[in-house]
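Open the model in your viewer and keep the selection tool at hand.

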Amino acid sequence: MTVRVTGKVVTPTGVIRQGCVEISGERITAVAEYPSVRDGHWILPGFVDMHTHGGGGHTFTTGDAEAARAAAAFHLRHGTTTLLASLVSSPFELMRAATSAYRPLVAEGVLAGIHFEGPYLSAARCGAQNPEYLRDPSTEELTELIGLGGGAVRMVTLAPERDGAVAAVKLLAGHGVVAAVGHTDATYDQTRAAVAAGASVGTHLFNGMRPVHHREPGPVVALLDAPNVVCELVADGVHLHDGMLAFAATTAGPDRAALVTDAMAAAGMPDGEYELGGQAVVVADGVARLARDGAIAGSTLTMDAALRHAVAAGIPVPDAARMVATTPARAIGLGDKVGALHVGLRADLVVLDDDLNVVRVMRAGSWLD
């Protein structure tokens, strides 16, 4: 049976104002003009969130499979049809346990993979990471996790200036795992060395990084300047000033800028007290901060809200669509499966009204109830 979804279809090359996406089974079979359409909704590819720690009161950071399933379901209702389960800096035992627990969810398609944000990070730029668990990169640990995951481990964020970081980047890249640069006090040259070794993502650019200086550009400039690096941006008005969001998106371009939520369990939940990586978090007015020092502790963002924020900041809808779907899908090695309204790809799409609020979500050819 063929399903037709009509409206303003956003493709990687632009908008088909009177458009139609045809779906058969789990796949997109046609994307074309459909002249009989009048003033339909926006139709975008399903969102791809490569950096999220939880949502809807549930977390990915404890390695609990049922909590992970519930967090993924929460984000799916907001249009995220593909996501990585991001952990925070943890003891190796928890990293092992989470890899074992999440591998079946990856096989099932609930998760697209695991992202270890840490523990190989800078103490000086730890942000809301637990400083107790920070340590130098270990190729032995990474080798074990990659083997244990059987393809489930998809990204690891590390600080290039730590001892052993370049060797770790080479190991990850050699196994097809994305090496990301983040929570780092690295110099420009140290960052470039990591990129040369195979690092291909900048984790929430600007946040948890040595600031830009005209005599020491630091990691931000090195990452923005690298043609093969995708830069994550948290578009919530808290992590980044809208002027900086627009600047970074324009500098990198929509093919190298990816919107992420960096959401934690409090996304979609009331203000109150929460937890992240064993640390107390207080959410007030929708902003999550560590109780101990007020550091930003992830976000309460969803990808549809990130899209709306980016468009309000001046980013055109077609560019924003690439930043929430096409670019992150490619960054984590899934560009041939998801991330665009393109024939042959999985039929993941989000229908939005003119205010860019979610109307309906389709994943793998099935509408979400």
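Start with the buried side of helix α2: its buried residues pack against β7 (58–59), α1 (65–77), β8 (80–87), β9 (113–117), α3 (139–149) and β10 (153–158). Contact here means heavy atoms within 4.5 Å. Helices (H or I, at least four residues) and strands (E, at least two) are DSSP runs, numbered from the N terminus.

Before going on, note that this is a predicted model: local features need pLDDT of at least 70, side-chain atom pairs count only at pLDDT 80 or more, and totals for chains, interfaces and linings use all residues. Residues are numbered from 1 along each chain as its sequence is written, and side-chain values use heavy atoms, with hydrogens and water left out.

**Stop 1: helix α2**

Select residues 92–108. Which residues of α2 are buried? They are Phe92, Met95, Ala98, Thr99, Tyr102, Leu105 and Val106. Buried means under 20% relative accessible area, exposed over 50%, and partly exposed in between (1.4 Å probe, protein chains only). An α-helix has 3.6 residues a turn, so residues three or four places apart point the same way.

Now check the length. The end C-alpha atoms of α2 are 25 Å apart, which agrees with the 24 Å that its 17 residues should span at 1.5 Å a residue. The expected span is 1.5 Å times one less than the number of residues.

Centre on Tyr102. There α2 bends by about 35°, and Pro104 follows within four residues. The bend is the angle between axes fitted to the seven residues ending there and the seven starting there. Step just past the helix to Gly109, which has a positive phi of about 95°.

**Stop 2: the parallel sheet**

Two strands pair if DSSP finds at least two bridges between them.

Zoom in on β13 (residues 230–234). Its parallel pairing with β14 runs over 4 bridges. Cys231 stands opposite Ala257 in β14.

**Stop 3: the mixed sheet**

Next, display β3-β2-β1-β4-β18-β19-β20. These 7 strands make an open sheet, in that order, with mixed pairing. Here β3 (27–33) and β20 (366–367) stand at the edges with a single partner strand each, so one side of each lacks a neighbour in the sheet.

Select β18 (residues 349–352) and β19 (residues 358–363): they run antiparallel, joined by 4 bridges. Val351 stands opposite Arg360 in β19.

**Stop 4: salt bridges**

How many salt bridges are there? The count comes to 15. Each is a side-chain nitrogen of Lys or Arg within 4 Å of a carboxyl oxygen of Asp or Glu.

Pick Asp255 and Arg322. Their closest N and O atoms are 3.0 Å apart. This pair links distant parts of the chain, 67 residues apart: Asp255 is in the loop between α7 (242–252) and β14, while Arg322 is in helix α9 (residues 317–331). Asp255 is partly exposed at 39% relative accessibility, whereas Arg322 is buried at 17%.

Move to Asp348 and Arg346, a salt bridge with closest N and O atoms 2.7 Å apart. Both residues are buried.

Then select Lys337 and Asp336, which meet at 3.7 Å, N to O. Lys337 is partly exposed at 45%, and Asp336 is exposed at 54%.

Finish on Glu66, Arg69 and Glu108, linked in a network of salt bridges.
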